[in-house]
Each structure stands twice: as structure tokens, then as C-alpha cells.
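The entries follow in the order of the look-ups.

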Amino acid sequence: MLFHAATLFALSLAACDGGAATTAASAVQAPAAGAWTIGPIIRGRNYSHGMPLHPTALRGGGFAIDLPQAPGSVHYVTFRHGSLAGKRRIVMRYRIEAAPGVRIVPRTNPAQASMITPFFQRSGDNWSARGRYEAYRWYGTFATHSPLQPGTFEMVAPLDGNWTAVERSSARTNPAGFRDAVANADQVGFVLGGGDGYGHGVYATGRARLIVTDFRVE
């Protein structure tokens, strides 16, 4: 499903106390490109294949990720934020540039639509998704943008939305787990995927670039 930036912005206002303005003091703007990690790195293995560890800084702010071609792929892009207690939403503005005819596709099923989704992860996750760890990674699937294609976009993910955990939990079905994850959050960012998973990676069929112009935790 394709979410237009204006639609997402309107939804975010409806979900965040009638759209009351966030003060500059309460907003956390993302750090420089070097503080972001292209991963995930699990037990020493980086699951984003054929990628640098960090995005490329852009003059004037923001960063770029040159999307790889197969067999490369990019999965998680995160930075260390810390607790999300007291925050209302995550806002990401970005654009995609691609050569004519180039497609951005899921690594696990190139025939399906690619996706980009807001994400955060509780500290101490062992990546097993078992027991309590099933509620350590959370995806703003209600704000997912799909498919990835050239253009300028905005994703807005209110923290009072129905976030989805790794396997079966959601913020509505496991409110205690979600609250604990918000209070003890560590990594924040976005994931790329489609096919059989929101964060299972994408690649491009030719030259393509993802440019993040703004990322804020408000």
C-alpha cells in the first residue's frame, strides 16, 4: 500500500493530541551519518550484505544510502537514541532517486512490493524473538510506505499507534511489553524489506539511492 506524505501527516495529527505543535526543546533530531549503523549486526555478522557500515553524509545535512544490487541487500538502519519515554512520535522525511526502469525489490521475494517501516528496539535484545524477547523489536507497520519508488515522502509513526512486535504481539495486545520497550528503548530508525518480513532487506535492479533529509523523535 502506498501512503502519500500528506495523508500520513494528517493521520499523525489525528493521533497526537489533535496535532499540537512539538516544541523544539522536546524534539530529538537524528545524529550525523556516522552515528547511524547499516545492519543489523547479530553475533558479529552484518545482515546487510555489500554495504558500508554507515550511510554517506550529505553537504547541508542528511545522509544517503546507495542501494546495492543483488546479491547485496540493506535491512536495518538505526542509531542509538535511548529511552523513548515522554516522546510522541517518530517522523522521517526522505526521497528516493533511481535510474529509469530501476526497481527496488525485497530480497526474499522480488516479485512482491518493497517496504520501508519505522522501527525501534529495546536494549538488551538477544535477537531470538523467543519469550520476553518477542516484544523487544517494534515496527510502525501502520506507517509503512510501499512500494519504494522515486519521489519525496514522509513517514509519521505516533508512539500511541498500534506498533507490531517481532512475531505476534502488538501495542494493543501486549501493552505492558510495549510500554517497557518504549521506556527502555535503545536503537531507533527504520527497516527495509517486503516479501516475508518488514526488515528482511531490499536491493535495487540498477542505480538507486535512498536519501534521508530529516529524522526526528518528537
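I looked up the pairing of strand E8 (residues 89-98) and found that eight bridges join E8 to E12, the two running antiparallel. Strands pair if DSSP finds at least two bridges between them; helices (H or I, at least four residues) and strands (E, at least two) are DSSP runs numbered from the N terminus. Ile 90 stands opposite Ala 157 in E12. In strand E12 (residues 151-158), six of the eight residues are buried (under 20% relative accessible area, with exposed over 50% and partly exposed in between; 1.4 Å probe, protein chains only).

I note that this is a predicted model, in which local features need pLDDT of at least 70 and side-chain atom pairs count only at pLDDT 80 or more, while totals for chains, interfaces and linings use all residues. Residues are numbered from 1 along each chain as its sequence is written, and side-chain values use heavy atoms, with hydrogens and water left out.

I then searched the whole structure for aromatic pairs and found 14. Rings of Phe, Tyr and Trp (its six-membered ring) pair if their centres lie within 6.5 Å; planes under 30 degrees apart count as stacked, over 60 as edge-to-face and the rest as tilted. The ring centres of Tyr 76 and Phe 119 are 5.0 Å apart and the planes are at 80 degrees, so this pair is edge-to-face. Because Tyr 76 lies in strand E7 (residues 76-80) and Phe 119 in strand E10 (residues 114-122), the pair ties together parts 43 residues apart in sequence. Both Tyr 76 and Phe 119 are buried.

I also recorded one aromatic cluster, formed by Trp 36, Phe 63, Phe 79, Phe 190 and Phe 215.
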